[in-house]
Amino acid sequence: MDYTRHDLKKMQAWSLEKKMEVTQEKVREWYTAYGGKVYVSFSGGKDSTVLLDLARKVYPKIPAVYVDTGLEYPEIRQFVGTKKGVDWLQPRYPFTQILEKYGYPVISKEVADCIWGARKGQATRIKRLKGELLDPDGKKSIFNCEKYQYLLDAPFQISARCCYHMKKAPVNRYERESGRHGIVGVMAEESRLRKQSVMRYGCNGFDRKRPVSQPMAFWTGQDVLKYLKVTGIPYAEVYGKIQEIKKKDGRIALETSGVSRSGCMYCMFGVHLEREPNRFQRMQLTHPKQYDYCINRLGCGKVLDYIGVPYGNNETK
């Protein structure tokens with residue numbers, strides 16, 4: 001089942017209670033279709049924590065899968081260790097080898113893939129970076145990203161391949177060996193690509209090349225924080241407390257006092273959009289050893305310098 005933009009917008013406006021109900025309906029549908037041969041993709045982050053809680057309220061023994069990449073915050077890894085019924089997977093190659101072979105994750109998956117392809121001479125991606133790609137009706141394509149054309153001349157490699165090798169490949173291998181089908185905590189609001197995926201396949205993508213369930217596709221980040229706050233279920237300490245803030249337009253919103261996202265510590269996707277202190281500035285204060293390894297040994301400092309993103313704190317100098 002696919003969704004229109006209107007469908008998705010309507011679903012995103014549902015009450016939290018209805019979202020919980022529909023999400024569990026989608027989990028039941030997925031579980032039944034595959035005779036229980038399913039699993040929950042559990043990163044230890046707040047989104048997948050909510051997903052696992054909802055799924056296990058329906059099926060208490062549903063297994064979870066965690067990919068131990070070595071790139072997570074230590075608090076995330078510790079939190080995953082408190083959960084029962086979790087299969088721990090590991091990538092085949094170390095992150096340093098992936099960086100050396102493919103390059104750094106910069107700006108977004110979409111842009112990084114575009115840079116990677118353009119450097120290999122792929123005509124369509126070169127057009128996108130020059131702002132020359134046209135839609136079938138002759139209008140300028142929304143997939144153009146000419147503001148990032150300067151990255152073609154960056155003195156380092158850029159790609160999104162780390163996501164595949166560090167996370168997707170171990171999970172794909174697990175699915176082949178176990179015969180199980182994944183349930184993931186992806187939400188449409190997170191990116192244009194994820195929104196397109198949800199609109200094309202719906203929450204339960206039975207028709208995808210690799211079938212996957214996204215039963216929280218219509219949730220928002222605010223829904224996740226509200227669920228954690230209302231239910232009081234444990235979540236990783238790296239997020240800190242969930243607190244209310246007043247936005248410029250007067251609306252009350254929820255945010256975490258710690259990190260706002262807990263993906264790979266060294267990932268640079270989206271950091272150029274963050275207000276200060278950004279994730280690396282916070283890391284310098286809260287996880288100095290990991291910060292030094294990231295900025296100096298992995299070379300992320302030179303990359304952040306090139307894209308004009310600050311990563312140091314005056315307080316520590």
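Here is a set of questions and answers on how terms are applied to this predicted model.

User: What are the ground rules for the numbering and the values?

Analyst: Residues are numbered from 1 along each chain as its sequence is written, and side-chain values use heavy atoms, with hydrogens and water left out. The model is predicted, so local features need pLDDT of at least 70 and side-chain atom pairs count only at pLDDT 80 or more, while totals for chains, interfaces and linings use all residues.

User: Why is Ser-159 called buried?

Analyst: Buried means under 20% relative accessible area, exposed means over 50%, and partly exposed is in between (1.4 Å probe, protein chains only). Ser-159 has 1% relative accessibility, so Ser-159 counts as buried.

User: Where is Ser-159 found, and what is it in contact with?

Analyst: Ser-159 is in the loop between helix H7 (123-130) and helix H8 (161-178). Helices (H or I, at least four residues) and strands (E, at least two) are DSSP runs, numbered from the N terminus. Contact means heavy atoms within 4.5 Å. Leaving aside neighbours within four places in sequence, the contacts of Ser-159 include Tyr-102, Trp-116 and Phe-269.

User: How do you know whether Ala-160 is buried or exposed?

Analyst: Ala-160 has 8% relative accessibility, so Ala-160 counts as buried. Ala-160 also lies in the loop between H7 and H8. Leaving aside neighbours within four places in sequence, Ala-160 is in contact with Lys-109, Ala-112, Asp-113 and Phe-269. Ala-160 and Tyr-102 are 58 residues apart in sequence, and their C-alpha atoms are 8.1 Å apart in space.

User: What makes Lys-19 and Asp-223 a salt bridge?

Analyst: A salt bridge is a side-chain nitrogen of Lys or Arg within 4 Å of a carboxyl oxygen of Asp or Glu. In the pair Lys-19 and Asp-223, the closest N and O atoms are 2.4 Å apart. The pair links distant parts of the chain: Lys-19 is in helix H2 and Asp-223 in helix H10, 204 residues apart. Lys-19 and Asp-223 are both buried. A search of the whole structure finds 9 salt bridges.

User: Why does Lys-46 have no salt bridge?

Analyst: Lys and Arg count as positive and Asp and Glu as negative; His and the chain ends are not counted. The nearest side chain of opposite charge to Lys-46 is Asp-47, 4.5 Å away. The salt-bridge definition asks for a nitrogen within 4 Å of a carboxyl oxygen. The side chain of Lys-46 reaches the backbone oxygen of Ser-260 at 2.7 Å. Beyond four places in sequence, the contacts of Lys-46 include Val-224, Leu-225 and Leu-228.

User: What covers the buried residues of H10?

Analyst: In helix H10 (residues 221-231), Asp-223, Val-224, Leu-225, Tyr-227 and Leu-228 are buried. Their cover includes helix H2 (16-33), H3, strand S8 (242-246) and strand S9 (252-256).

User: How do you know that Arg-210 and Glu-175 form a salt bridge?

Analyst: The closest N and O atoms of Arg-210 and Glu-175 are 2.9 Å apart. Arg-210 lies in the loop between strand S6 (204-205) and strand S7 (212-213) and Glu-175 in helix H8, so the pair ties together parts that are 35 residues apart in sequence. Arg-210 is partly exposed, with a relative accessible area of 33%. Glu-175 has 13% relative accessibility and counts as buried.

User: Why are H11 and H12 called oblique?

Analyst: Axes are lines fitted to C-alpha atoms, for helices over the stretch in contact, and angles run from 0 to 180 degrees between N-to-C directions. Angles under 35 degrees count as roughly parallel, over 145 as roughly antiparallel, 65 to 115 as roughly perpendicular and the rest as oblique. The axes of helix H11 (residues 279-286) and helix H12 (residues 288-297) cross at roughly 130° and come within 6 Å. H11 and H12 are therefore oblique to each other.

Notes
Polar contact = N/O pair within 3.5 Å; in protein donor to acceptor, adjacent residues only side chain to side chain.
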